[in-house]
Amino acid sequence: MDDTIKIDYTVSPDDFTRAGEASSDLKNMLKQLNVAPDIVRRIAIAMYEGEINMVIHANGGTITVFISTSQVKMILKDSGPGIPDIEKAMEAGYSTAPDNIRSLGFGAGMGLPNMKKYSDDMHIETELGVGTTVTMTVNL
């Protein structure tokens, strides 16, 4: 892993059949690059949670991943409604997912808390009516 690798993913809104494909693809790539299994697991969980949030809440979006010798940086960008109260959204169990999404087994309110838990650094930029960008970094 001498040079930085850049990967772009598109996340489709409301497409639960394809939700998780980006995180699964990244997980497989990291395994091929011989990244330690515990680090691969953390990255896969953080990215999956973000990907699911984009499907449920944000009308989809894009994920750009940068893999270097020292870190994996994931930038999740959407043009959804934005997050009205980041502090509240970071509380474990808090969810704005509608009942039909919860009946599918999603929307338990652990997305953002797990993203933070499994990344070494997480930053959220959000603007109501414009969208949200979440940047997560996991050190290798």
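Biologist: Leaving aside its neighbours within four places in sequence, which residues is Val65 in contact with?

Modeller: This is a predicted model, in which local features need pLDDT of at least 70, side-chain atom pairs count only at pLDDT 80 or more, and totals for chains, interfaces and linings use all residues. Residues are numbered from 1 along each chain as its sequence is written, and side-chain values use heavy atoms, without hydrogens and water. Contact means heavy atoms within 4.5 Å. Beyond those neighbours, Val65 touches Ile5, Lys6, Ile7, Tyr9, Leu26, Met47, Val72, Lys73 and Met74.

Biologist: Which residues have the most contacts inside the largest nonpolar core?

Modeller: They are Leu26, Val65 and Met74, in a core of 35 residues. Such a core joins buried (under 20% relative accessible area, 1.4 Å probe, protein chains only) Ala, Val, Leu, Ile, Met, Phe, Trp, Tyr and Cys residues through side-chain atoms within 4.5 Å. Helix H2 gives the most to this core, with 9 residues.

Biologist: How are two packed helices described?

Modeller: One gives the angle between their axes and the distance between the axes. Here the axes of H2 (residues 37-57) and H5 (residues 111-118) come within 8 Å and cross at roughly 155 degrees. H2 and H5 are therefore roughly antiparallel, a term for angles over 145 degrees between N-to-C directions, on a scale from 0 to 180 degrees, with axes fitted to C-alpha atoms over the stretch in contact.

Biologist: How many residues of H5 are buried?

Modeller: In H5, 6 of its 8 residues are buried, among them Leu112 and Met115.

Key. Helix = DSSP H or I, 4+ residues; strand = E, 2+ residues; numbered from the N terminus. Parallel < 35°, antiparallel > 145°, perpendicular 65-115°, else oblique. Buried < 20%, exposed > 50% of the residue type's maximum accessible area, 1.4 Å probe, protein only.
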